[in-house]
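Biologist: Can you walk me through this structure? I'd like to start with a single residue and then look at the sheets.

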Amino acid sequence: MFNLKELRKSFLTSLWFMFLTFPIMVIKVNTITDTVEWRWRNLAFVGVSAFILSFVWRWALDRRAKGGKAKKDGIGFKATVLAKTNQYKLPGLIGIGLLVAILPFFASMYTTSVLTTALMYVILGLGLNVVVGLGGLLHLGYAAFYAVGAYTYALLHYHFGISFWVALPLGALFSAVLGLLIGFPVLRLRGDYLAIVTLAFGEITRLVLENWNDFSFGPSGIANIARPGIAGIKMKLPQATIFIYFIAIAMVILTIFLVNRLENSRVGRAWEAMREDEIASQAMGIDLTKTKLLAFSIGAVWAGFVGVLFAAKTTFINPASFTVWESIVVLCVVVIGGMGSIPGVVVGALVFTLLPELLRSVSEYRMLVFGITLVIMMIFRPGGLIQKTRKSYKFKKEGDGE
Amino acid sequence: MKLDFFFQLLMSGLTRGSIYALIALGYTMVYGIVKLINFAHGEIYMIGAFTALIVSGVLSMYGMNPVFIFLIAITAAIIYSAAYGVTLEKIAYAPLRKAPRLSALISAIGMSMFLQNYVLLAQTSDFLPFPELLPEFGFLDPVKFIISTNQFLILVTTTVVMVLLTFFIKFSRTGKAMRATSQDRDMAQLVGININKVISITFVIGSALAAIGGVLISSHIGQINFYIGFIAGIKAFVAAVLGGIGSIPGAVLGSFVLGITESFGTGYISSDYEDAFAFVILIVILIFKPSGLLGRKVSEKV
Amino acid sequence: MAPILEVDNLSMVFGGLRAVDSLSMKINEGEIVALIGPNGAGKTTFFNCVTGVYVPTEGDVYIQAPGATERRSIKGLKPHKITEGGLARTFQNIRLFSNMSVLENVMIGHHHRLNSEVFGAVFRDKKTREEEEKVVHDSYEILKKIGLENHVNDLAKNLPYGAQRRLEIARAIGTDPFLLLLDEPAAGMNPQETKDLVDLILRIRDNEKISVLLIEHDMSLVMNLSERIYVVDYGKLIATGTPQEIKTNKEVIKAYLGEEVDA
C-alpha cells in the first residue's frame, strides 16, 4: 500500500490538484480596489488533502473491484440480519411512534418546523419514487407539481377563502392532471430525452408563475396564506406548528401505506416491468401508455399534497421555491435513500434535510458536501443507503402448491 | 428603423447561437462517445470564464497590453477548463462506465453542484465585472449599431473553430478513432483503439470549446458569477438535444435555431419569457421528432 | 379446421431493404412449426411484424383462436393487444425483467387477464386478494411445469443461462396464449439442455394445448421437433414442407444447408 510507486502516484495527484485549483483557490482579484489577494495557505491545504485522499480513493476503488466476488456471502449475511431485526420490528416501530408523537411537545418550535420540512421531503421522495424508482422514468421536473399544489391553495384561498382541507384534495387533483398533461407528449421519449423534457416542463411552469403577474402575482408571490385549522378554531403559531407537524406525520403514514400497497399490486408490478424492459413488458401484455401515464399522475398526486401543506406551513410562497434544484434535491433523496425502497427513501429524506441542520456551523459547505456525496454514493453504493428487498413467497414443495 | 431592429436581433441571435454551439459541442461529443449527459459541462464553461477573469486581473496589475492579456487569459482558460474536464471524467464518470445510465447522470449532477459551490466558496457569490480588454475594431464603425466588436469576434471565432473541428474529426487519426468509438465502443476497442485516451481527448476538446465560449461571452456581457454555467449549460444542452444529441452538425444547427428563436422571441414577443422559448421549442421538436433535427433514429434491436 | 395464424403476403421494408418479402404462412392448432434460414434472412423481423413490434409495410396477419368462429386481423395492433389476442413470444437476446423475482416475471405474464387497478391495489378488496392469490398460485404451477420451482424468489438475472431461457418461456405461457413464438430458444444451450428443451416444448404442446412457431439454428432440434418447416432466405420463402421434404429440397440445400446436408 505505501510502497514507492503508490507514494509517487499520490504525489503526482497532489501536484495535479495544486495546479488545478491554483487560480481559483489561491488568487482572488478584488476588482474594486484593484488588488490581488494571494492565499497560499489554500495551496498547501489542497496539496496535503489531495495526497491523503488519493490513497483513500485508490483503496476504495480497489475494494470495490474486489467486492464482486464477496457479494454472494453478502446475501446470506443480509438474510440473517433481516431475520434478527424482524423480532424487534414491532417494539421498534412502537418506540419510534411514541418518540414521534411526544417530540414536538418537548422540542422547540424551530425543531418542530424543521422536522415538518423533513417529513414533507419524505412524502415528496416517496411520490417521486413511484415515477423514478418503480416506473424507471427519470423525472427532473417534479417541483412543478409541488408548485401546482402550493399555488392551488394559495390562489383559492386568496380569491375564495377556501380552507386548507378543501385545497388538499384539489391540489392533488390539479397536480395529477398536470401529470397527465405532461405525460402525454413525452410518452415516446426515453431516458435522457425524457429527463431533459421533464426539466423543461418544470422550468416553463416556474417561468409562467414568475411572469404571469395577473394570475400568480409574479416573483413577489402570495403572502398571508392561512395555516390549517380545525372547526374554525384559530391557533397561535406554536400550536399551529405542532398541528402541521401532526398533519405531516399523518400524511407520511398514509403515503407509506399507499405506496406499499401500490408497489405490491398488479399496477406496481407493471411499473417495475416497464422500468426493467419496455419492449418485453409490452410483449407480456402491458399497456405502456396507460402504465406510464398512471405513474406520472400518481407520482404527481403526492407533490400536490405536499405543495398545499408547504403553502400552509410557510404562509408565503413565490416561484423561487420551485426551481430545478428543488426537483434535483428530491431526486437525490430518492437515489441516496435507495431507489424503489420505501425505508430507503424515508431515511434518505431525513438525512438530506436533517443533516444540514445539525451541521449548521458549516452550513455554507452543505451543497459542496452534497454534491460530492452524490458522486461517491453512485460509485460506491449505487443502490442507496437502504436497498430494496423483494417480497418473497413460500410454497409447499409437495401437494397442491399453496 | 424597423429593419435595424430586425438585424440587431438577427446578430444577437447568431451571437447567442455561436456561444451555445461552442458549449453544445462538448455535450454532444461526450454523449456520442460515452453516452452520458455531462451535466457539469456548464460548470467547466464557468470555470473557464473565471480563470480568464483571474488571470487578466493579475496581469493587468503589471500594465501589460490588453490584447496580450486577452490572449494569455483565453489560453489559460482553455488549459484549465480542459484540465478540469479530464479530471472530472476520471473522478466522477470513469468509475461508472459500466453502471446504469441513471447513476452516471446523478454523479454528473453531483459534480455540477460541487463545482458551483467550489467557485462560490473560493471566490465569491457576487457578480464580478469582466475586464474590457479588446479595443473596438475600427472597420466595424459603419455597422456599429448592428454588430459590436465582441459579437463580430464571437462569430468569427466560432466559425474558425467549427471548421477546424470538422477537419480534425474527419481527417485526423484521433478524429477517426473518436468516430469509431461513438459507433461501437466494444468494436473500437477490439481493433486496438485506446478508449481511455479517446474519452480523455473528447473531454479536452469539449472543455476547451466551452472555455472559449465562456471567455467570449463574458467579455461580451461584461460580468460573471458562479451560476452562469448552469443556465448556459442547460440551454446548450437543449440545443444539442434539439439538433439530435451525438450529432456534431446537429449541435451547431440546434444552437443557431435556439439562439435565433430566443433573440426574436424576446425582441418581438416578450422578454419576460426569454428562458422559456428554449424549453418550448425543445418540447415541440421532440414531440414531432423524438431524436432531434439531425439525430439518427435509434430503434432498439429486438 | 381453420388455421390459428394466417400470415398473408407479409412484407417489411426498411429504407430500401425488403427484410421480409411477401411471406405467407399458416399454422394449424396443435402444430409445432419451425422457421429457418441463414442469419439475416428476416426471421426475427417476421416475428416482430407478427407480434406488433413493427407494423408490416404490406400484407396482413390474422388470428383465429381455437374455438373462435371468425378470424380477425391483428396488423397494426400494439404488442400488448396482440398478446391479449393469444400470441406470446420470447426474445432472441433474453429480455427478462432482471431485477424482479422469477415468480414475479411469470406474474407479469398474467397482467392482461387481471382486472385490479389502483382502487383494488389500495383497498385490497376481496376480489383483488383472490385475484392475487390465484396469480401467485398459477404462476407457481407454471414454474413447476417448466422446472424452475426451486428458484421462485431468485432474481431473474441471477439464474443460469439455460434457466433464463426457460423462464422466458414460462413468462410467455403466463399470458395464456394459444400460439407461442420462440426466437432461438436453444441458442447457447449445451446438448443436454437442448434435449430438455425439446421435451419441454413437446410437453407444452401436448399438455397445455399451445401451438408453437419457432426460429432455430440447431438443425437437429428443428428436425426432431417440428412437423412442418418454413425456409426463408433474403426475406423470401424458398421452401416449405415436412422435415423429410426440406432435407431433400434442392433449393434449401443450395441456399441454406450447403455442405451441412447431413446435419
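**A walk through the model**

Modeller: Let's start with Glu263(A), which is found in helix α8 of chain A. Keep in mind that this is a predicted model.

Biologist: Is Glu263(A) buried or exposed?

Modeller: Glu263(A) counts as buried, because its relative accessibility is 10% and the cut-off for buried is under 20%.

Biologist: Which residues does Glu263(A) touch, leaving out those up to four places away in sequence?

Modeller: Its contacts are Leu134(A), Gly268(A), Arg269(A), Gly340(A), Ile342(A) and Lys388(A).

Biologist: Take Leu134(A). How many residues apart in sequence are Glu263(A) and Leu134(A)?

Modeller: They are 129 residues apart in sequence. In space, their C-alpha atoms are 7.8 Å apart.

Biologist: New topic. What about backbone angles?

Modeller: Most residues other than glycine have a negative phi. Asn224(A) has a positive one, near 60°. Glu184(C) also has a positive phi, about 50°, and is not a glycine.

Biologist: Where is Asn224(A) found?

Modeller: Asn224(A) is in the loop between α7 (213-216) and α8 (237-263) of chain A. Asn224(A) counts as exposed, because its relative accessibility is 70% and the cut-off for exposed is over 50%.

Biologist: And where is Glu184(C) found?

Modeller: Glu184(C) is in the loop of chain C between β7 (179-183) and α7 (191-208). Glu184(C) is buried, with a relative accessible area of 10%.

Biologist: Now the sheets. What is the strand order in the open sheet of 4 strands in chain C?

Modeller: The order is β2-β1-β4-β5 in chain C, with antiparallel pairing. Its edge strands are β2 (17-27) and β5 (72-73) of chain C, and each pairs on one side only.

Biologist: How many bridges join β4 to β5(C)?

Modeller: There are 2 bridges between β4 (residues 58-63) of chain C and β5(C). Ile63(C) stands opposite Arg72(C) in β5(C).

Biologist: Which strands does helix α1 of chain C lie across?

Modeller: Helix α1 (residues 43-51) lies across β1 (5-14), β2 and β4 of chain C. The helix runs at about 115° to β1(C).

Biologist: What about the open sheet of 6 strands in chain C: what is its order?

Modeller: The order is β6-β7-β8-β3-β9-β10 in chain C, and the pairing is mixed. The edge strands are β6 (87-89) and β10 (236-241) of chain C. On average, neighbouring strands of this sheet are turned by 20° against each other, direction ignored.

Biologist: Which helix packs on that sheet?

Modeller: Helix α6 (residues 161-174) of chain C does, touching β6 and β7 of chain C. Its direction makes about 155° with that of β7(C).

Note on methods
Residues numbered from 1 in each chain as written. Chains lettered and ligands numbered in written order. Predicted model: local features only at pLDDT ≥ 70, side-chain atom pairs only at ≥ 80, totals over all residues. Heavy atoms only, no water. Buried < 20%, exposed > 50% of the residue type's maximum accessible area, 1.4 Å probe, protein only. Contact = heavy atoms within 4.5 Å. Pairing = 2+ DSSP bridges. Axes fitted to C-alpha atoms, helices over the stretch in contact; angles between N-to-C directions.
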